[in-house]
Every structure is written in C-alpha cells, then in structure tokens.
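Visitor: Hey, I've got a structure open and could use a hand reading it. Can we go through it together?

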Amino acid sequence: VIPMDLKHKIAEMIMIGFKGETLEKNSPLMQDLLEKNIGGVILFDRDPQTFELNSRNIHSPEQLNKLISQLQTVSENSLLVGLD
C-alpha cells in the first residue's frame, strides 16, 4: 500500500491532456485536479488524432486565458501548463 503523501508527490509529477475548451464541473479532469493532485496539464490547438486546427483546447487568446484561469483556480497547487 502506497502512503497518501507519496501518491500526492507522484501525482504532482504527472501532466495530463484533455479535450475541451472549458473546464466542465463534473468532468474527469475536474476530479483529477481536485482529488489526485495532478501537477500539470498540456493544451493543444490541434487534436493530435485528427490534426484539425482549433479543435482540442485552444480557440483564441481570450479563451485560452480563461481556461488556464479556471484550471489554476481549481487546482490545489500551481499547475504547470504546457502548450503545443
């Protein structure tokens, strides 16, 4: 059994990606940020599977700023945010 503090330390080293331009209230991402102490997120302007522009997380500078603010507000820690 892994102690909870060790699980939190491990989770802080994990960076996850997700689909969507906003943070939905009951999304798996919200649960990960609140419960698992995830350390970072990576945001894409193109979906890596379809290569469609503006189809994953980034649509405009204003929307991106709002999304990052939402993510930082929900996270217990200061998130590392990567952009691709």
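Visitor: Which strands does helix 3 lie across?
Guide: Keep in mind that this is a predicted model. Helix 3 lies across strand 2 and strand 3, and its angle to strand 2 is about 165°.

Visitor: OK, and the sheet itself: what order are the strands in?
Guide: The order is 1-2-3. Those three strands make an open sheet, and they pair in parallel.

Visitor: Why is one side of strand 1 and of strand 3 left without a neighbour in the sheet?
Guide: Strand 1 (15-17) and strand 3 (80-83) are at the edges with a single partner strand each, so one side of each has no neighbour there.

Visitor: How many degrees are neighbouring strands turned against each other?
Guide: On average 25°, if you ignore direction.

Visitor: And how many bridges link strand 2 and strand 3?
Guide: Four, in the parallel sense. Leu43 has Leu83 in strand 3 as its bridge partner.

Visitor: Switching topic: which residues touch the most other members of the largest nonpolar core?
Guide: That core has 15 residues, and the ones touching the most other members are Phe18, Leu23, Leu29, Leu33, Val41, Leu43 and Leu71.

Visitor: What does Leu33 touch, leaving out residues up to four places away in sequence?
Guide: Leu33 touches Leu23, Ile38, Leu71, Val74 and Leu79.

Notes
Residues are numbered from 1 along each chain as its sequence is written. This is a predicted model: local features need pLDDT of at least 70, side-chain atom pairs count only at pLDDT 80 or more; totals for chains, interfaces and linings use all residues. Side-chain values use heavy atoms; hydrogens and water are left out. A nonpolar core is a set of buried Ala, Val, Leu, Ile, Met, Phe, Trp, Tyr and Cys residues joined through side-chain atoms within 4.5 Å. Buried means under 20% relative accessible area, exposed over 50%, partly exposed in between (1.4 Å probe, protein chains only). Contact means heavy atoms within 4.5 Å. Two strands pair if DSSP finds at least two bridges between them. Helices (H or I, at least four residues) and strands (E, at least two) are DSSP runs, numbered from the N terminus. Axes are lines fitted to C-alpha atoms, for helices over the stretch in contact, and angles run from 0 to 180 degrees between N-to-C directions.
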